[in-house]
Amino acid sequence: MPLPKFDYIKPRTTEELSVALAEHGADAKLLAGGTDLLVLMRDRLVRPKYVIDIKGIEDLHKLSWDERRGLTIGAAVTLNELIASKVIRERFSVLWKAVDTLADPTIRNRATLVGNICNASPAADTAPALLVLDAEVEVVSAKGRRVIPIREFFKGVKRTSLERGEFVKVVRIPNPPDGARGDYLKWGRTRGEDLAVVGVAALVANSGKKIMRIALSSVAPTPLRIFEVEKIPKGGGSVAEQISKAVSIVREKISPITDVRGGKEYRIHMAGVLTKRTLEGLLEAN
Amino acid sequence: MSRHKISLVVNGDRYEVEVEANRTLLQLLREDLDLTGTKLACERGDCGLCTVLVDGVPTKSCLVLAVEVDGRDVTTIEGLAEEEQLSPVQRAFIKHGSVQCGFCTPAFILAAEALLKRNPNPTEEEVKEAVGGILCRCTGYRQIIDAILDASKEK
């Protein structure tokens, strides 16, 4: 079926993009990889009068890292560019793993991390990793710029805290604390391309400063960080005891629904299983 | 609806065409350029049968606007053979019986070409990963994987 009709606009600078969004904001959709937008348009779930392609803006293609500021990911950077990055693989392994599980390699040649969070699916694979890494979203509009912590970015199913006329310029991720290790485990119906039945991201450190952070996808209206587990390492106890505490807190704090990919009870069960596996892999290997 | 003049290279030939904003790369190839080797199926990025190479990179052409490929270099299945000489991947597909109904074949062959250019000696796992976005409903995956591994030895 053909796509509905729209006007295509390709700004060359972030200023031009701000102007176009200020003018057309209510009737416009931003296009990066298009792997969500074109599907939504074909299904007539969104009907923009204007499609604004951000890929002509050189600034948004930047992917950079430094020791002090950490990682900066521009809105047009593709997922396969992230996978190719040695620094992400070595220092942001939870993010690398999450990106590597998202859709399939051909989709990842086009799809972007910023598109994944702006689409704001509860199943967004990159979101739990960004949540445990304390990412920040830099947002720009004709009125100026602001920074939104990722934990305040998701507002509901397919809803974000972006206001009319605003776009995400970059996602910034601080360097993880020293000694921290991370992982993302995704449970799908098949090993190939599928949305997560449940996904669990964890970031832990058990030497020096003790840290335990956990966030999940597909278990609530938004990707969810479970802050209640973060005091577990302070309470002491064996690794096995700490993991068992984390599992019961995760099972209690999530509120999954039943859908085509799995029932509510199954999701709660698997969230516990994956939390255990992820933490065991990270804590017992040490 | 806006219209756009674009210039692109497809299989080595330059085309200057005018497209409406909502035209996809898949429609441009099949309907305007009559290159029907690229297949239309799910139109939502799930099946991968519309895969072509854009600047050498496997891309699902149902999820790309034609206007987005202005200035780019596109390769379709029609662009692989030189004269009557099939590419090593194409020959390996014939040798291994990797073609049943044939509908997914152009996509698998193009994804394999891109893989072997980037990684001339892939492992079986790497082959599976590279073609992971393409579905074969005749379920002939074993023969397809064998053909790609065999072609890598020949290259």
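Modeller: Let us start with a pair of strands in chain A: strand 5 of chain A and strand 10 (residues 167–173) of chain A run antiparallel and are joined by 4 bridges. Two strands pair if DSSP finds at least two bridges between them. Helices (H or I, at least four residues) and strands (E, at least two) are DSSP runs, numbered from the N terminus. Within this pair, Leu71(A) stands opposite Ile173(A) in strand 10 of chain A. This is a predicted model, in which local features need pLDDT of at least 70 and side-chain atom pairs count only at pLDDT 80 or more, while totals for chains, interfaces and linings use all residues. Residues are numbered from 1 along each chain as its sequence is written, and chains are lettered from A and ligands numbered from 1 in the order in which they are written.

Colleague: Which strand does a hairpin join to strand 5 of chain A?

Modeller: The hairpin comes from strand 4 of chain A and passes through 3 residues. Strand 4 (residues 63–66) of chain A is antiparallel to strand 5 of chain A, with 4 bridges between them. Asp66(A) has Gly70(A), in strand 5 of chain A, as its bridge partner.

Colleague: Why is strand 5 of chain A described as largely enclosed?

Modeller: A residue is buried if 20 or more other C-beta atoms lie within 10 Å of its own, exposed if 12 or fewer, and partly exposed in between, with C-beta atoms placed from the backbone. Strand 5 (residues 70–74) of chain A is largely enclosed by the rest of the structure because 4 of its 5 residues are buried.

Colleague: In what order do the strands of the open sheet in chain B lie?

Modeller: In a regular strand the side chains alternate between the two faces of the sheet. In chain B, 5 strands form an open sheet in the order 2-1-5-3-4, with mixed pairing. Strand 2 (13–20) and strand 4 of chain B are the edge strands, each pairing on one side only. From one strand to the next, the twist averages 40 degrees. Strand 1 (residues 3–10) and strand 5 (residues 73–75) of chain B run parallel and are joined by 2 bridges; Val9(B) stands opposite Asp73(B) in strand 5 of chain B.

Colleague: Which helix packs on the sheet?

Modeller: Helix 3 (residues 105–118) of chain B does so, touching strand 3 (51–54), strand 4 and strand 5 of chain B. Two residues are in contact if their C-beta atoms, placed from the backbone, lie within 7 Å. The direction of helix 3 of chain B makes about 30 degrees with that of strand 3 of chain B. Axes are lines fitted to C-alpha atoms, for helices over the stretch in contact, and angles run from 0 to 180 degrees between N-to-C directions.

Colleague: Is Ala107(B) buried or exposed?

Modeller: Ala107(B), found in helix 3 of chain B, is buried, because 29 other C-beta atoms lie within 10 Å. Not counting residues up to four places away in sequence, Ala107(B) touches Gly48(B), Leu49(B), Thr51(B) and Ile134(B).

Colleague: How many residues of chain B are in contact with chain A?

Modeller: There are 25 residues of chain B in contact with 23 residues of chain A. Strand 4 (57–60) and helix 4 (124–130) of chain B each supply at least two residues of that side of chain B. Strand 4 of chain B gives the most, with 4 residues.
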